[in-house]
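Subject: Structure for your files

Hello,

Here is the structure you will need for the next discussion.

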Amino acid sequence: MHSFRYVQGRLHAESVDLGHLAEKHGTPLYVYSSATIRDHFTRLDGALDRLDHLICYAVKANSNLAVLNVIASMGGGFDIVSGGELFRVVRAGGKASNCTFAGVGKTRSEIEYALREGIYCFNAESEAELRFINEIAGELGKRAPVAVRVNPNVDAKTHAKITTGKKENKFGIDFDRIAEVYATIAAECPHLEIKGLQMHIGSQLTSVEPFVEAVTKVVPLVRQMKEDHGLKFFSIGGGLGIVYKNSLDSGSADWWSREGNESHPLTIQAYADAVVPLLEPLGLRILFEPGRFMVGNAGALVTKVLFEKKGSAKDFVIVDAGMNDLIRPTLYEGWHQVTPVEKPVSTETHKADVVGPICETGDFLAQDRDLPPVKEGDYLAVLSSGAYGFSMASNYNSRPLAAEVLVDGKEAHLVRERQTLDDLIRGEHLPI
Ligand SMILES: Cc1ncc(COP(=O)(O)O)c(C=O)c1O
């Protein structure tokens with residue numbers, strides 16, 4: 001479920017009016033619902049309860065401290081990809097000992113930091129990286145817990161830019177070489193403790209088949225590595241897709257139980273029903289690394305209409321949020337429902353592009369969309385933008401980063417202040 005709905009004609013996050021938040025904190029403004037995040041965590045956790053498991057939330061999806069704190073308070077672990085993400089987790093009250101560290105290019109200082117903090121495991125993506133971690137652990141007089149990321153060469157059937165488990169992708173080590181790599185590190189890397197095996201085939205998967213294909217392919221390898229090297233865990237990564245199309249209508253309480261729902265063929269129960277029986281016989285701890293599923297539908301980007309412009313080929317609604325605030329539409333052809341904060345009274349619509357102020361043709365939030373009549377000063381909400389929204393935002397065109405608010409019932413907390421112009425140039429110097 002999610003917690004964005006119209007109450008007496010005004011769009012609310014839980015019990016808080018998005019228009020009031022926009023008046024108070026300005027726009028563009030990211031608003032997150034803590035109830036939605038908790039609900040998603042609880043549902044996934046419940047669906048997996050037959051397994052000894054740990055949900056390691058993928059911090060990259062939304063790394064606001066307050067969001068991480070919600071996950072930590074639910075007992076979640078974290079999947080991190082940088083020293084910066086580890087720093088955030090620790091600051092947010094998360095445990096380093098529940099963190100897995102992924103990514104193809106970890107640096108010396110990041111590895112040292114993670115070893116000092118005592119993370120759960122490094123998910124290593126190459127032999128060179130494994131040897132590098134071994135060397136650094138030796139220097140620090142430690143043994144580094146490691147898992148190897150396997151690239152199973154399975155097509156996740158998602159957007160090419162978020163497919164990660166095919167052999168032409170940069171991620172992981174080829175399936176056929178995994179046994180040899182474990183044997184080599186066991187023989188030659190005394191400062192590594194072989195702890196697990198990991199995979200992640202892609203993001204925004206909307207059917208269960210690629211998960212099943214990948215797990216079915218990798219499970220025999222996991223079993224063999226458990227026997228040969230005493231593996232403790234298997235991580236099957238993240239990737240659970242969410243509803244983007246008309247997600248406002250999909251927010252009802254029974255959303256996840258509606259099997260075969262066309263807009264969301266992959267329900268959490270269908271996912272669990274498919275993968276749990278394959279994983280249970282392994283007798284290992286199973287890790288899950290959902291990012292988008294936890295926070296995607298828990299966030300909305302509120303923006304203000306600046307101008308309307310009629311062109312000879314298209315009409316444009318120009319708003320104060322741009323691709324620097326939400327890059328998904330232009331980067332991944334991401335589709336987000338855009339809806340006015342004040343519920344339209346008529347059913348009249350007209351087609352327009354919703355575009356931002358950035359000087360790029362690719363700066364759009366929605367294209368060829370049937371929108372209700374809007375006027376200057378109206379607030380629009382770009383839904384399902386809690387994942388890969390703010391965390392991918394930039395200062396392009398020297399635009400300050402948006403503010404973020406976390407709602408909890410009737411309460412709304414400003415969890416990130418809007419950047420100021422001074423913030424924009426912090427750390428810069430004239431060459432004198
Ligand atoms: C290693 C790893 N795990 C988990 C995730 C989270 O993916 P999602 O947000 O689709 O669940 C990612 C995303 O890129 C990833 O690279």
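The notes below cover the ligand site and then the salt bridges.

This is a predicted model, in which local features need pLDDT of at least 70 and side-chain atom pairs count only at pLDDT 80 or more, while totals for chains, interfaces and linings use all residues. Residues are numbered from 1 along each chain as its sequence is written, and side-chain values use heavy atoms, with hydrogens and water left out.

Ligand site. There are 15 residues around the ligand, and S203, G239, E289, R292 and Y388 come nearest (a residue counts as near if one of its heavy atoms lies within 4 Å of the molecule). By class, this shell holds three nonpolar, seven polar and five charged residues (Ala, Val, Leu, Ile, Met, Phe, Trp, Tyr, Cys and Pro are nonpolar, Asp, Glu, Lys and Arg are charged, and the others, Gly among them, are polar).

An N or O atom in the side chain of S203 is 2.3 Å from an oxygen atom of the ligand. From the backbone, a polar atom of G291 is 2.9 Å from a ligand oxygen, and an N or O atom of R292 is 2.8 Å from one. The protein covers 92% of the 390 Å² of accessible area that the ligand has on its own (Shrake-Rupley method, 1.4 Å probe).

Salt bridges. The whole structure has 21 of them (a side-chain nitrogen of Lys or Arg within 4 Å of a carboxyl oxygen of Asp or Glu). One of them pairs R10 with E342, with the closest N and O atoms 3.4 Å apart.

Regards

Definitions and conventions. Polar contact = N/O pair within 3.5 Å; in protein donor to acceptor, adjacent residues only side chain to side chain.
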